Amino acid sequence: KNKHFPLYLYPLPCTGGKSVFLSHWHTEFEIISANCEGTAEFDNTQIRFSPGDLLFVNKEVLHRVDADSDGMITAVVFDFPFLDFRASDICQIEFIEKLKSKNLIFPQIIRKKDSCYSKLYEIISGIIFYFHSNIPGKELKIKSLFYDLIFVCFSENVLTIPPKPISPSVKDTQMEYIKAALLFIETGYSRQISLSDIAAHVNLSKFHFIKLFKEFTDTTPVEFLKNVRLENSKPLLLSGLSVTETALRCGFHSIGYYIRSFKEQFGVTPKEFQKNPQTEAYKTSLP
């Protein structure tokens, strides 16, 4: 990760019958290269995918992935300002700005049978290869590949104009509650926030909120909050922070509870993870 080159790759091992990552959303765009079978859920839509398929997560889409077989997926995450041109030329106006504002959106999935698949697969594989390489100037090549990706999608007519918004359905409204709750958790996990705080933030009763949250995410708000805290504790541990300080910074009021939860989730204690980060705990569940 480099603040001057805001591109993030998450290699995520998959186990059949388990979630690869829980429901979440972000303002960045995400490309998922799959090497397993499974189901992706984008907002209210479920999509079956097979090894080799390419999934595109447009910005602000609530999404999760569940694996049906062992394998691997790689999530490529970036924000479109990363591709901005300083000059407002036709490339900036007609493509980058429209993608940033969601006036153009990517398809949710490209399968092997699709005519543009081989071109897009080669481009995305190239982005992943150069990201992990030590080739001088690789950043230039990676950016050029993203422009190639946009060109192929546009020239092959797979970029679409989203339909005009209509009155939101009950499901759409419920999803906005969940998105607001997830954002509240992900930005406030370090504080001593409670279930009551989260429910109040979205103006729902605790009972209704728990039911709705479980329906959309297959987990409880308390479990999700704990998972976010555990995931965010890993980089602090790797930075050399003590277990106690890490636990407190991530919102755990009990050090013993943090250590037990970490071991239950990842199979090692926080201290063991510090000594050997190349373990199961190194896997992230929230790209």
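This note sets out numbered points on the predicted model shown above.

1. Confidence. The model is predicted, and its average pLDDT is 92, with 96% of the residues scoring at least 70. Confidence is lowest in strand β2 (residues 19-24), where the mean is 88. It is highest in strand β9 (residues 109-110), at 98.

2. The sheet. Five strands make up an open sheet, and their order is β1-β8-β3-β6-β9 with antiparallel pairing. Strands β1 (7-14) and β9 stand at the edges with a single partner strand each, so one side of each lacks a neighbour in the sheet.

3. Strand β6 and its neighbours. Strand β3 (residues 29-34) pairs with β6 over four bridges, in the antiparallel sense. Strands β6 and β9 also pair in the antiparallel sense, over two bridges. Leu54 of β6 illustrates both pairings: Leu54 is the bridge partner of Ser33, and Leu54 stands opposite Ile110 in β9.

4. Side chains of strand β6. In a regular strand, side chains alternate between the two faces of the sheet. In β6 (residues 54-57), Leu54 and Phe56 point one way, while Leu55 and Val57 point the other way. Which of these residues are buried or exposed? All of them are buried, whichever way they point.

5. The helix across the sheet. Helix α2 (residues 117-132) lies across β1, β3, β6, β8 (71-78) and β9. The helix runs at about 75° to β6.

6. Aromatic residues. The structure holds 22 aromatic pairs. In one of them, the ring centres of Phe252 and Tyr257 are 6.1 Å apart and the planes stand at 55°, so this pair is classed as tilted. The class of tilted pairs lies between stacked, with planes under 30 degrees apart, and edge-to-face, with planes over 60 degrees apart. The two residues also have their own accessibility values: Phe252 is buried at 3% relative accessibility, whereas Tyr257 is partly exposed at 33%.

7. An aromatic cluster. Which residues form one aromatic cluster? The members are Phe5, Phe29, Phe56, Phe78, Phe80, Phe82, Phe106 and Phe146. Phe56 of this cluster is also one of the buried residues of β6.

8. Charges over rings. Phe82, a member of the cluster, has the charged end of Lys143 over its ring, 5.2 Å from the ring centre. The charged end of Lys179 sits over the ring of Trp25, 6.0 Å from the centre.

9. Residues with positive phi. Glu60 is not a glycine, yet its phi is positive, near 70°. Glu60 is found in the loop between β6 and β7 (63-67), and its relative accessibility of 29% makes it partly exposed. Lys102 is also not a glycine, and its phi is positive at about 65°. Where does Lys102 lie? Lys102 lies in the loop between α1 (90-100) and β9. Lys102 counts as partly exposed, its relative accessible area being 31%.

Technical notes
Residues numbered from 1 in each chain as written. Predicted model: local features only at pLDDT ≥ 70, side-chain atom pairs only at ≥ 80, totals over all residues. Heavy atoms only, no water. pLDDT = per-residue confidence, 0-100. Phe/Tyr/Trp six-rings, centres within 6.5 Å; stacked < 30°, edge-to-face > 60°. Buried < 20%, exposed > 50% of the residue type's maximum accessible area, 1.4 Å probe, protein only. Lys NZ or Arg CZ within 6 Å of the ring centre and 35° of its normal. Pairing = 2+ DSSP bridges. Contact = heavy atoms within 4.5 Å. Axes fitted to C-alpha atoms, helices over the stretch in contact; angles between N-to-C directions.
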